[in-house]
Amino acid sequence: MNAVEIRGLVKKYADFEAVSGLTFDVREGEIFALVGPNGVGKSTTLKTIATILSPSSGSVAVFGLDTAREAHGVREIISYLPEEAGAYKNLTGREYLDFMALVFLRDKQKAAAAVAFGSELSGLKDRLEDKVKTYSKGMTRKLLLARAVMVKPKLAILDEPTSGLDIVNGYEIRKTIKQLAAGGMTFLISSHNMSEIEFLSGRIGVINKGKLLACDTPAALKTRFTTDDLEEVFIKLTQ
Amino acid sequence: MNIFFVLVKKEIKELLTLQVILSIAAMLLIFQVIGKSVGSQNKSTAAHNGVVTLDLDRSAVSRRLAAALAEAGYEIRPSRAANIEAAMASPEHAAENSFILIPEGLERTINSGKKSRVEFYSRFKKNASGLGPVLAASRTRKAAAVVSGELSYYVLERRVPGVAPAFLRNPAPALEFAVVDGHAEEVPLAQVLAFIQSQTYFFPVAVFFIVILSAQMIMTSVAGEKENKTLETLLSSPIDRRLLVMSKLAASAVIAAALSAAYMLGMRSFMSGITAETTLGAAAGVSAAGPALAKLGLLISPQGYFLVGLSVLFCILCALSIAFILGVLSEDLKSIQAMMTPLMMALMLSYLLPIFIDLSSANLGIKFLLYAIPFTHAFMAPQNMMMGNTAQVLWGIAYQAAVFTVCVVYAARLFSGEALLTMRLKFGRKR
Ligand SMILES: Nc1ncnc2c1ncn2[C@@H]1O[C@H](COP(=O)(O)OP(=O)(O)O)[C@@H](O)[C@H]1O
Ligand SMILES: [Mg+2]
């Protein structure tokens, strides 16, 4: 079964069409990346899959569950990290993890296990006892990533998980994602940075102005356009 | 594990920052300090009962006036100056503000059946502030009344010997009655007024404060979650979205209640300091008039207070649910102030208008407008209970409950759809 199946997805904001007929699949256990410049509809697509926006037309299914009709079932198996998200500033890192674990799992024991896993994964150690407002951008992002995956969702949807981070923090986050994917978790991420995504993802979907231009492994795309540079692939696709 | 409790706990933790707690403590302290110092200053001004008398007549009548003033509680400070200017300029009386000039020949003129005069001076110092000069002026006026009364007694005794001067001056003293619902009760009207005012002025101030505070709090919380995208995270979780709405309402209501208790405490110590002289006197009068007020049905019963409390509760709930909706519509934390404006306007209207106009005789348009604002009913509840309009209070509560229900249903609908992520109120500019 495919983790995500998107068929003819259209999403309009009032009279502006942000996504115009997307069709693609994400296979179970892979890291799939939606790539494209700013404002082409990546976040809108991810929000629709995360059930917080509903399709104007077309359909989205997550592990066979329709995001519009079976939203609750979808929410039980996914985890969504919005782009440029923050955490509650007056909670400590650990309080934030505790709270989110209870919200997602609604069971004290399961939540405690999830928090133990998440604290380990975040790498924040003692700083978890400090308030979130004292964190740097990189620390907050690690906390949020840990939060997103600690409940072991079947599908993790991460919107621009590494954008705006320095080399070390970006590298650590990519490494964590790869590790978890090796353990069987499916990832759908987005990025406007072609080259960093090459290291991470199995397949990429190149998107521009709400439409999918190509969908394949980075290697296959580079062969197809006879170039070593993934950015060149995008330039050629949009010409 | 009750997830609702977890949500409320997190809301309170987020809202109740150290800054908020410190600023409340500071507010309490400031109230306390100002109230205390103003109060002690007023007390010393009040205790200070001196009047400087410049007696140029030196007659039996002028001595009688001094005795009457002393009897009325004034401390006579005789001046030996030649005229009133010199008396006021003398360094000995630099701290005094009330002066009386008894002119030469007062006794002679009165005895001959002609009009004379006594002069009263109240000094307003340019650099003085606060209530001191005002109290001094009213002291001077009261002294004038004492002097005038004593002089007319003197003249009556001389001209109409054998009849008690008190009878001549006021042969039929006034008996004051308050009438409520056709039931009359003898009670000094000043005491009834003081009682009604104490109920109608101080109470709405507190309600006003609670409503503003809790509205601001819930708007900050919703707009903050929107800005931080923590809201999107919660919306993608399996939690029931109605619980999110209810937990925010509950948390801000709890904090608002605590804050308003703190505020009321501070306000009370402040007011009791400031009005120690004026209102406490009236309050003592009110407690003396208690039985009469009770017979008139003006004292609010415990059940009455319960209804007033219920009305206030629904007033707060209405404000919270409206503020919640406004918070959902605001783009970020910065736009909260602008979004608060309509709520503030409605509150101001319903708070101020009933103070300045008599609603029972106001025109229909204004009446309709005021009763349409759910807050009005809470502001008017104590007065209505006092006057026995229980039905009106009950209708008010029913209306408030209806408004609250509509708002909560709408807020929950906003929360269950995607409108809160895509809808924005824009002020004048279009994308
Ligand atoms: N709430 C909204 N209302 C109106 N237009 C929006 C809204 N959110 C996004 N858009 C528009 O939709 C387009 C796609 O946005 P988005 O999905 O965020 O792009 P990306 O994530 O690829 O940068 C952009 O042109 C953006 O301006
Ligand atoms: Mg985006």
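How much area is buried between chain B and chain A, and what percentage do carbon and sulfur atoms give? The structure is a predicted model, in which local features need pLDDT of at least 70, side-chain atom pairs count only at pLDDT 80 or more, and totals for chains, interfaces and linings use all residues. Residues are numbered from 1 along each chain as written, chains are lettered from A in written order, and side-chain values use heavy atoms, without hydrogens and water.

The buried area is about 2,700 Å², with 63% from carbon and sulfur atoms; this is the accessible area (1.4 Å probe) that the two parts lose on being put together, summed over both. B:Ser236, B:Pro238 and B:Glu418 supply 22% of the area that chain B buries against chain A, more than any other three residues. In contact (heavy atoms within 4.5 Å) are 24 residues of chain B and 32 residues of chain A.

Across the interface, 3 salt bridges are found, each a side-chain nitrogen of Lys or Arg within 4 Å of a carboxyl oxygen of Asp or Glu. B:Glu418 and A:Lys11 form a salt bridge at 2.6 Å, N to O.

Chain A holds an open sheet of 6 strands in the order S6-S7-S8-S3-S9-S10, with mixed pairing. Strands are DSSP E runs of at least two residues, helices H or I runs of at least four; two strands pair if DSSP finds at least two bridges between them. The edge strands are S6 (78-81) and S10 (211-216) of chain A. S3 (31-35) and S9 (203-208) of chain A pair in the parallel sense over 4 bridges. There, A:Ala33 has A:Ile204 as its bridge partner.
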